[in-house]
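Reader: Can you walk me through this model? Keep it quick, and give me cut-offs as you go.

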Amino acid sequence: MKTKRWMTTLVVALMATTAVWAKDFRTVVFKVSQMTCENCEKKVKTNMRFEKGVKDLAVALKEKTVTITFDADKTTVKDLQAGFTKFNYAAEVIKETKVEAKKK
């Protein structure tokens with residue numbers, strides 16, 4: 001009985017691991033011309049981190065860019081771009097890339 005339970009647990013764990021590896025993560029870089037100060041940077045970070053699917057967010061104030069890593073199964077670049085309009089900023093897509101899966 002213990003062996004069967006152990007095997008079931010192992011199968012479930014393997015399936016969960018496979019699902020994590022199968023995620024479609026992407027990175028997009030936006031140019032946000034309205035970002036001119038530290039308050040603007042804070043405004044972007046505060047608002048964009050709550051957008052659906054956002055996994056990581058980096059702001060470069062000097063370059064006026066926002067780099068977002070997101071789950072493409074949960075959101076799109078257009079949806080993220082629309083997120084900026086919620087707080088009256090315009091974001092121009094500079095670059096989009098697919099994040100390679102990390103293999104152990």
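**Rings, core and sheet**

Author: The structure holds 3 aromatic pairs. Rings of Phe, Tyr and Trp (its six-membered ring) pair if their centres lie within 6.5 Å; planes under 30 degrees apart count as stacked, over 60 as edge-to-face and the rest as tilted. One of the pairs is Phe30 with Phe84, edge-to-face, at 5.2 Å centre to centre and 65° between the planes.

Reader: Where do Phe30 and Phe84 sit in the chain?

Author: Phe30 is in strand S1 (residues 25-31) and Phe84 is in helix H3 (residues 77-85). They are 54 residues apart, so the pair links distant parts of the chain. Helices (H or I, at least four residues) and strands (E, at least two) are DSSP runs, numbered from the N terminus.

Reader: What ground rules apply to these values?

Author: This is a predicted model: local features need pLDDT of at least 70, side-chain atom pairs count only at pLDDT 80 or more, and totals for chains, interfaces and linings use all residues. Residues are numbered from 1 along each chain as its sequence is written, and side-chain values use heavy atoms, with hydrogens and water left out.

Reader: Phe30 and Phe84: buried or exposed?

Author: Buried. Phe30 has a relative accessible area of 0%, and Phe84 is at 0% as well. Buried means under 20% relative accessible area, exposed over 50%, partly exposed in between (1.4 Å probe, protein chains only).

Reader: How are the rings of Phe84 and Phe87 arranged?

Author: Their centres are 5.9 Å apart and their planes are at 45°, so the pair is tilted. Phe84 and Phe87 are both buried. Phe30, Phe84, Phe87 and Tyr89 form one aromatic cluster.

Reader: Switching to the core. Which residues touch the most other members?

Author: In the largest nonpolar core, with 19 residues, they are Phe30, Val44, Val66, Ile68 and Phe84. A nonpolar core is a set of buried Ala, Val, Leu, Ile, Met, Phe, Trp, Tyr and Cys residues joined through side-chain atoms within 4.5 Å. At least two residues of this core come from each of S1, helix H2 (38-48), strand S2 (54-60), strand S3 (65-71) and H3.

Reader: What does Val66 contact?

Author: Leaving aside neighbours within four places in sequence, the contacts of Val66 include Val28, Phe30, Met35, Val44, Leu57 and Phe84. Contact means heavy atoms within 4.5 Å.

Reader: Now the sheet. What is the strand order?

Author: S2-S3-S1-S4, an open sheet of 4 strands with antiparallel pairing. Two strands pair if DSSP finds at least two bridges between them. S2 and strand S4 (92-98) are the edge strands, and each pairs on one side only. On average, neighbouring strands are turned by 15° against each other, direction ignored.

Reader: How many bridges join S2 to S3?

Author: 6, and the two strands run antiparallel. Leu57 stands opposite Ile68 in S3. Val59 stands opposite Val66 in S3. The hairpin of S2 and S3 has 4 residues between the strands, and Lys64 there takes a positive phi near 60°.

Reader: And how many bridges for S1 and S3?

Author: 7, again in the antiparallel sense. Val29 stands opposite Thr67 in S3. Thr67 and Val29 are 38 residues apart in sequence and 4.4 Å apart in space, C-alpha to C-alpha.

Reader: Why call S3 largely enclosed by the rest of the structure?

Author: Because 6 of the 7 residues of S3 are buried. Thr67 lies in strand S3. It is partly exposed, with a relative accessible area of 26%.

Reader: What about Thr69: buried or exposed?

Author: Thr69 is buried, with a relative accessible area of 19%. Thr69 lies in strand S3 too. Its side chain makes a polar contact with the side chain of Thr27 (3.2 Å). A polar contact is a pair of N or O atoms within 3.5 Å; within protein, one must be able to donate a hydrogen and the other to accept it, and residues adjacent in sequence count only if both atoms are side-chain atoms.

Reader: What else does Thr69 touch?

Author: Not counting residues up to four places away in sequence, Thr69 touches Arg26, Thr27, Gly53, Val54, Lys55, Asp56 and Val99.

Notes:
Axes are lines fitted to C-alpha atoms, for helices over the stretch in contact, and angles run from 0 to 180 degrees between N-to-C directions.
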